[in-house]
Amino acid sequence: MVRLLTLLSLLAAGSCERRYGLDKDGYHRDDVGSRRSLQTPSTPAPELESEYWSRDAQSELGERAWYDGSSGYARNVVMFLGDGMSVATLTAARTLLGQRRGQTGEESRLSFEHFPTVGLSKTYCLDAQVADSACSASAYLCGAKANLGTIGVSGHVARHHCTAATDAAHQLASIASWALDADRDAGIVTTTRVTHASPAGAYAHTADRNWESDGDVTAGCSGHAQLDIAQQLVHARPGKDFKVILGGGRREFLPNTMTDEEGSRGRRYDGRNLISEWLTEKDSRGVTHEYVWNRQQLMEVSEELPEYLLGLFEPSHLQYHMEANHTTEPTLAELTEVAIKSLSRNKEGFFLFVEGGRIDHAHHENLAHLALDETIELSAAVEKARELLSEQDSLIVVTADHAHVMSISGYTQRGGDILGPSDALGDDGIPYMTLSYGNGPGYREPRGGQRVDPTRQDYRGSEYVYPAAVPLDSETHGGDDVAVFAWGPHHALFSGLYEQSHIPHRMAYAACIGPGKHACQHSPHSTT
């Protein structure tokens, strides 16, 4: 009910995008980012060049490779991204997982917390202390830091610039592209739209994360401009060569004159049906292919997988796991399993990107219970991947793009309900929750000069909006470092503290793909 009232109040005030400068989801605040100038004093000129970040990564990689005792290389690489999965989120999620199993909870571990190596990455972007999911995707998938709101481009591309991203000199190649260049396969899996900021980092070059369909681009640009993100996925390399594309976002591929299988209208103004165009393009190649839009179809096609698989299971993002219809909507673990089975047919190997994207969305709404459940679902997907792959030839990396401002506070006794109130009261004699946010829609206006008792509502329900200190229509990201977990060949490279932009270079080293040093070519103890 609290969540519903919050949303109704925003609707009454007018469009979230228009009034509050939010992105097209209503989650991420763009009002500050859109006013940033490329030539801010805080951005040193050398950092605008992608080569700067590549040299930085390769230099430190050379030092770390000396101490790497692993042999062989990673034929397969799976990168799991928990969008907004802060360290506090990990702590609370593992506790909830344990408590669901009847334990006190604190001693529990998520599947990837058993991995042999853990490190920390610094998530700031070129022009921002606190990252968004776009500039961070450029870092952990393309190996270079970028400006807030931009994807797959160097610092020379300012946000909202209509044509700068079309300049090949400013475009970044992703590790998915490096894999394809090495005759391996690639794919993406996400619980968000497949055109959303994180998965788009694997294939798109754009000056604005919100330009997912043509109408988004033309709204900000007249005349010639860059291709929208959906078009890039279907018709440009590397996206058109992805063997597996699974997630949400049908609306970005369909014309606004057409409704999809579930009755939702498309968002394209150019009259194009990109799903049909994807099918036609695969026909022209003479390859087997299939488009699916619900769980039953996915399970059926998984029995005899085609060479190319496109699955779009919602008009926008997939539903939160706790609220989803599981007869029609696949879980992240199921999507991951199908993707790995499909890509594993290439004897050369593959790169797969898997995102638990709705952790972030739940945090933006101060829906901590949902955020933790989505984290547990990511853990299940990682466990499924570990079961399907060999530690001898497959590298799994699990990390986050940025943090959030959820905190865990109080001195509650061991085993106290992680979703509930602290054992203690505030100095005002009113309970406070163990989980709370620095800002967001969970702010409760004091009544009669007193703080509102947060326990008067059902805090065990998925709809409970956790308290926030500062009123905002959408909670913000946090600037904390995020954890990086690694399992498989050369996992030790991911220990320590490093720039987020080092991550794809270290994965590429382990996999012997892309530019720079490779494990199968570079001997750390060589004197040459």
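The structure is a predicted model, in which local features need pLDDT of at least 70, side-chain atom pairs count only at pLDDT 80 or more, and totals for chains, interfaces and linings use all residues. Residues are numbered from 1 along each chain as its sequence is written, and side-chain values use heavy atoms, leaving out hydrogens and water.

**The whole chain**

- The protein chain has 15 helices and 17 strands; helices (H or I, at least four residues) and strands (E, at least two) are DSSP runs, numbered from the N terminus.
- With a radius of gyration of 22 Å, close to the 24 Å that the globule rule gives for 528 residues, the protein chain is as compact as a globular protein of that length. That radius is taken over C-alpha atoms, and the rule is 2.2 Å times the number of residues to the power 0.38.
- The C-alpha trace of the protein chain spans about 70 × 60 × 55 Å along its principal axes.
- Of contacts (heavy atoms within 4.5 Å) between residues at least 6 apart in sequence, 72% join residues at least 24 apart.

- Buried residues make up 60% of the 528 residues; buried means under 20% relative accessible area, exposed over 50%, and partly exposed in between, using a 1.4 Å probe and protein chains only.

**Strand β4 and its partners**

- Strand β4 covers residues 244-248, and five of its five residues are buried.
- Strand β3 (residues 185-193) pairs with β4 in the parallel sense over four bridges; two strands pair if DSSP finds at least two bridges between them.
- I188 has I245, in β4, as its bridge partner.
- Strand β6 (residues 308-312) also runs parallel to β4, and four bridges join them.
- Here the bridge partner of G247 is L312 in β6.

**A look at Y437**

- You will find Y437 in strand β13, residues 435-440.
- Y437 is buried, with a relative accessible area of 3%.
- Leaving aside neighbours within four places in sequence, Y437 is in contact with several residues, including H363, V405, M406, Y466 and E475.
- Y437 and E475 are 38 residues apart along the chain, while their C-alpha atoms are separated by 7.9 Å.
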